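Me: I have a protein model to get to know. Can we take it one question at a time?

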Amino acid sequence: MQRFRVAVCGAGIGGLATAVALSKYDDIDLDLYEAASKLTEVGAGVVVLPRTWDVLEKLGISEDLSKKAPQQPKREQAPSFTYRKGDEAEGLHIDVLMIQGRLIPLHRAEFQTTLALHLPEHYRIHTSKRLKTYTEENNTIALEFEDGSKETCDVLIGADGIKSVTRSLLMQSLASKTTDTARSDSLLSCIPPEWTGVAVYRSLVPAEKLRSKSPDNPSLVRETMYMGKHGAIVTYPIMGGTIINTAAFTVRHDLAGTPYEGSWSEHVDANEIGSTFAHWEPYVQAILQCMENPLKWAIHTVKPLETFASGHVALLGDAAHAMLPNQGAGAGQAVEDAYILATLLGHPSTKKENLSKALSIYDAIRRPFSQDIARRSRLSSQISSFVSKEIEGLSDNFDGLQGQAKVDALKKFSSTLKNLTQWSWHTTIDTDVERAVSMLEAL
Ligand SMILES: Cc1cc2nc3c(=O)[nH]c(=O)nc-3n(C[C@H](O)[C@H](O)[C@H](O)COP(=O)(O)OP(=O)(O)OC[C@H]3O[C@@H](n4cnc5c(N)ncnc54)[C@H](O)[C@@H]3O)c2cc1C
């Protein structure tokens, strides 16, 4: 017998992971609504952290994904990112990040397609369905789409990305119910995404092209981060090492919170990138010269929300916690949201009558964790571009430092980055799952 009907709004990595996670429970029915006319992802890479990989194993898709990864996932100590100081004519090797497990670099489209292939046939996927509004009455949600069509469901999961309509409606609904003006203002202030002062040039660089220009380029063989004042370049091989995923960041944290003038995402001329990083080391120059069809993205984030859920509606992924990409964690956090949410909804004690309580447990478990990762991502963005003011004991003044003294000063930045990222291989989702289930069983 059917327990309840779930509507997932948005078929990005978060929405698809939710559908895959819920497919374990035969008595939950699901409709997936996607605004685009087909399931597409940007042509770029995504790294999967060890903690996220464990969740993908639980979802039963890691085997298919690992066929597409250039490195096989292992749980032993392994080298990961090579850190270099890249913003000078002569670059400098700083350190190699050693982690427990592997970062699994994937092409986004491969990730999304693999998730979609694991959806059960009886789930209904509706493309060209852009949610316009919803109303909640007597524990039922009425959905209305931009094309004028209407549907209903028992639970609405807003996985509709950084510009989420679901978040906007949820925050407006909560604001309308409070008499506290400060709280109402705070809720409404979380609707528009906020510019971080960071922009990124992204491109997929053919490895052969780079090899012919720069045969010993470290980016050809391993994950590499070139750090510099007000910028960082992150590269990693994907698709069996044939493509080098490249993201070149310009960082102005002093502009965070100011309006971004212009399009959030646009094609740019390669000359713009060349002149921005003109003084960087030759390895970087070679990579930038090989960039094809570069896209510039203005990185926006979502302010920390007061809640991820209210009534029978929950937010997930970027809709709930869009963050800076410097921990390579945004999609992974969406996958974690999906797994915890599905565990709670699928639990036999969750019924139509207590859905809102199950969703409030989802909020209690996932909000603090994901917001902490967003904080770590913001700090990582600062550290990788030598902004040190929020970390005690760090100085970004390397003037007059030579040889080992300079490397030692730089190593403080790379070890701070490591400390900020260790959660991703030193912790697992299991304790959160246990906590969620025991909170549910105690209701
Ligand atoms: C430069 C960069 C690098 C990154 N690198 C990494 C990385 O290495 N590792 C990592 O884990 N994360 C990374 N991220 C973060 C990651 O891309 C996001 O966190 C993740 O894609 C969010 O997935 P999502 O499903 O929540 O949202 P989205 O991918 O934005 O999907 C939302 C979906 O909802 C649909 N939609 C929107 N509005 C509506 C509506 N009203 N009705 C119906 N459908 C709607 C959209 O069309 C879209 O398909 C990076 C981000 C950036 C910018």
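Me: Which residues does the domain assignment give to domain 1 and which to domain 2?
Reply: Keep in mind that this is a predicted model. The domain assignment gives domain 1 as 4-44 + 106-193 + 304-381 + 431-441. It gives domain 2 as 80-104 + 194-301 + 385-421.

Me: What distance separates the centres of domain 1 and domain 2?
Reply: The centres are taken over C-alpha atoms. Contacts do link the two parts: 22 residues of domain 1 touch 25 residues of domain 2. The distance between the two centres is 31 Å.

Me: What area is buried between domain 1 and domain 2?
Reply: The size of an interface is often given as the accessible area lost when the parts come together. Here carbon and sulfur atoms give 63% of that area. The area buried between domain 1 and domain 2 is about 2,000 Å².

Me: How many residue pairs are in polar contact across the interface of domain 1 and domain 2?
Reply: Salt bridges between domain 1 and domain 2 number zero. Polar contacts are another matter. Across this interface, the residue pairs in polar contact number four.

Me: Which element gives the largest share of the side of domain 1 that touches domain 2?
Reply: The elements that give two or more residues to this side are β6 (104-107), α4 and α12 (355-384). The largest share is five residues. Those five come from α12.

Me: Is helix α1 (residues 13-22) largely enclosed by the rest of the structure or largely open?
Reply: Among the buried residues of α1 are Ile 13, Gly 14 and Leu 22. Their cover includes β1 (4-9), β2 (28-33), α4 (108-117) and α11. Leu 22, for one, touches Val 6, Ile 28, Leu 30, Tyr 123, Ala 342 and Leu 345. Because 10 of the 10 residues are buried, α1 is largely enclosed.

Me: Is Thr 343 buried or exposed?
Reply: Thr 343 lies in helix α11. Among the residues Thr 343 touches are Tyr 25, Val 433 and Val 437. Its relative accessibility is 13%, and the cut-off for buried is under 20%, so Thr 343 counts as buried.

Me: Which residue has its backbone oxygen 2.6 Å from a polar atom of the side chain of Thr 343?
Reply: Thr 343 sits in α11. A polar atom of its side chain lies 2.6 Å from a backbone oxygen. That oxygen belongs to Tyr 339.

Me: Why are Asp 372 and Arg 376 separated by about one helical turn?
Reply: These two residues form a salt bridge, with the closest N and O atoms 2.9 Å apart. An α-helix has 3.6 residues a turn, so residues three or four places apart point the same way. Asp 372 and Arg 376 are about one turn apart because they are four residues apart in helix α12.

Me: Is Phe 386 buried or exposed?
Reply: Phe 386 is in the loop between α12 and α13 (403-421). Its phi is near 60°, a positive value in a residue other than glycine. Most residues other than glycine have a negative phi. At 1% relative accessibility, Phe 386 is buried.

Conventions
Residues are numbered from 1 along each chain as its sequence is written. This is a predicted model: local features need pLDDT of at least 70, side-chain atom pairs count only at pLDDT 80 or more; totals for chains, interfaces and linings use all residues. Side-chain values use heavy atoms; hydrogens and water are left out. Contact means heavy atoms within 4.5 Å. Buried means under 20% relative accessible area, exposed over 50%, partly exposed in between (1.4 Å probe, protein chains only). Domain bounds come from an automatic or database domain assignment. Buried area is the accessible area (1.4 Å probe) that two parts lose on being put together, summed over both. A salt bridge is a side-chain nitrogen of Lys or Arg within 4 Å of a carboxyl oxygen of Asp or Glu. A polar contact is a pair of N or O atoms within 3.5 Å; within protein, one must be able to donate a hydrogen and the other to accept it, and residues adjacent in sequence count only if both atoms are side-chain atoms.
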